[in-house]
Amino acid sequence: PSFTYLPPPTIANLSVDFERGELNVTGANFGTSVLTARVRVGQTYSSTTAWVSESSVAARIPTGSGVSLDISVEIEGQAATATGAFEYSPPTVTAAEPRNAPLSGGVIVTLTGSGFGNTLGPITTSFGPGGSRACGNTIWTSDTTIVCSPLPAGAGRPDVTVAIPGVSFASPGPVVYRPPPALTNAEWAPTSASTLGGGSVTVYGENFGDEDPGSGPVAVSIGGRPCAAPLAWVSSTSIVCSAPAVVGAGLGIGMVLGPHRAALPGIFFTYDPPTVASVSPGNAPAAGTGSNASVTVTGSGFGGACGNASGAETSCGIDVRVAGVPCSRVLWFSDTSISCAVAYGAGAGVDVVVDAQGQQASLAASFSFDPPLVTALAPFSAPSDTAGYDITVYGANFGARPANRSVSLPGGGTALLGTEVVVGQTACAPVRWASDSSVSCRISPGRGTHGVNVTVAGTRQASTVLFTYLGAPVVGSAYPTQ
């Protein structure tokens with residue numbers, strides 16, 4: 001059999017298909033399809049090389065950087081080189097995140113663009129004329145993304161220079177160095193701010209940026225809540241926003257501009273106070289409604305958006321108190337309707353108070369706790385001349401034991417202030433509280449049968465449960481007589 005020496009390949013021409021990212025090499029002696037062809041750009045081989053003909057191969061352009069790079073075609077150990085025939089596009093920065101930075105720098109900025117090359121060579125990023133202020137470290141992420149960490153100090157909108165092996169290129173500044181905004185005054189119209197929001201608030205100051213979308217994010221807040229859309233930039237000294245639908249009095253006004261935060265000293269925003277029109281139902285057991293039941297309060301000024309959804313926990317700091325005791329699980333439904341779970345309490349005609357971030361409204365004598373109900377005694381009788389005899393009264397609505405209504409008794413036990421037990425017309429005391437359904441007391445000597453009533457915070461319900469004093473036994477006869 002014969003042996004054939006292949007002539008070395010030669011390169012005649014190069015063309016680039018930028019849309020497909022391909023390099024087409026034409027020449028001679030590229031062999032046949034059964035031979036292995038490889039294309040190298042600089043020091044990086046193409047990931048794929050396709051043999052087209054004896055005079056043409058196509059290769060995927062590898063990620064890289066630099067100018068005057070050699071192109072080599074290798075065929076079975078023989079190579080042809082076009083010296084300095086290729087160059088990559090220079091590194092270009094088109095955007096930054098965040099776009100705004102403090103004058104002192106120090107933040108981490110992600111730069112996006114193109115032509116950042118690959119991991120084979122070093123990369124540096126700097127800002128200002130001639131790249132005078134370098135990033136602390138430049139982290140290569142991809143051919144389109146690098147990270148500057150941290151950003152150097154600066155001012156204005158300096159050019160950014162990215163240097164990679166073989167090329168350095170400056171792009172128009174994507175980062176804006178800004179002094180912090182300063183707030184000086186605010187005014188709103190109408191002067192009465194509805195809790196539904198929507199009033200126009202104008203904030204005055206300086207260093208509010210410009211209309212360039214890159215000057216954001218800009219946000220004005222009232223009481224820590226962002227203004228509702230729309231927010232209109234007027235000038236570097238004036239911004240207008242729509243008041244959020246919340247509640248409260250003496251709320252501060254603030255601004256966020258890029259990395260900066262500022263507050264308006266000495267001027268506060270106040271919404272219309274709440275009103276209470278009705279409470280339904282108007283009563284509850286003395287132990288409260290519990291977490292599965294509630295009362296609904298209607299009125300106004302409860303905030304136009306104080307929950308994530310209707311029926312959600314209020315997010316505006318609205319509190320409800322019944323007889324001075326805070327409700328739990330306050331739910332917001334609308335600017336005119338909220339509900340809550342009533343805690344323990346006692347008494348009739350007590351007040352319901354709604355507190356909306358420091359502004360209060362009340363509906364006097366609008367709620368009553370159910371009166372105490374006696375259902376059983378133990379024991380239900382005792383000798384008439386007995387002194388110091390304890391009885392236990394069972395029923396409902398005997399109240400809870402808040403600290404301000406209970407006292408400790410000598411010898412142990414707790415007395416509940418405002419709770420009285422009467423047997424007939426005679427007080428049974430002291431009253432020892434056990435639970436909402438059980439109290440005990442010490443009866444006095446007496447005679448006859450009498451009703452037993454319990455009074456809690458001035459409320460009582462007539463009882464049909466009776467207690468009997470037993471008379472002394474009388475001997476009528478004896479048997480046997482002797």
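**Paired strands and paired rings**

Reader: Which residue stands opposite Thr49 in β6?

Author: Ala59 stands opposite Thr49. This is a predicted model, in which local features need pLDDT of at least 70 and side-chain atom pairs count only at pLDDT 80 or more, while totals for chains, interfaces and linings use all residues. Residues are numbered from 1 along each chain as its sequence is written, and side-chain values use heavy atoms, with hydrogens and water left out.

Reader: Why are β5 and β6 called paired strands?

Author: Four bridges connect β5 and β6 (residues 56-60), in the antiparallel sense. Strands (E, at least two residues) are DSSP runs, numbered from the N terminus.

Reader: What makes β1 and β5 edge strands?

Author: Their open sheet has four strands in the order β1-β2-β6-β5, with antiparallel pairing. β1 (10-17) and β5 (49-53) each have a single partner strand, so one side of each lacks a neighbour in the sheet.

Reader: How do you know that β39 pairs with β37 and with β45?

Author: β39 (residues 389-396) is joined by five bridges to β37 (residues 373-378), and these two strands run antiparallel. Ala378 stands opposite Thr392 of β39. Six bridges link β39 to β45 (residues 438-443), again in the antiparallel sense. Here Tyr394 has Ser438 in β45 as its bridge partner.

Reader: Why is the pair of Trp188 and Phe269 called edge-to-face?

Author: The structure holds five aromatic pairs. In the pair of Trp188 and Phe269, the centres are 4.5 Å apart and the planes make an angle of 65°. Rings of Phe, Tyr and Trp (its six-membered ring) pair if their centres lie within 6.5 Å; planes under 30 degrees apart are stacked, over 60 edge-to-face and the rest tilted, so this pair is edge-to-face. Trp188 lies in β19 (residues 182-189) and Phe269 in β26 (residues 260-269), 81 residues apart.

Reader: What makes Trp188, Phe269 and Tyr271 a cluster?

Author: Ring pairs link Trp188, Phe269 and Tyr271. Phe269 and Tyr271 form an edge-to-face pair, at 5.0 Å centre to centre with 70° between the planes.

Reader: Why does Phe269 count as buried?

Author: Buried means under 20% relative accessible area, exposed over 50%, and partly exposed in between (1.4 Å probe, protein chains only). Phe269 has a relative accessibility of 1% and therefore counts as buried. Tyr271 is buried as well, with a relative accessible area of 1%.

Technical notes:
Two strands pair if DSSP finds at least two bridges between them.
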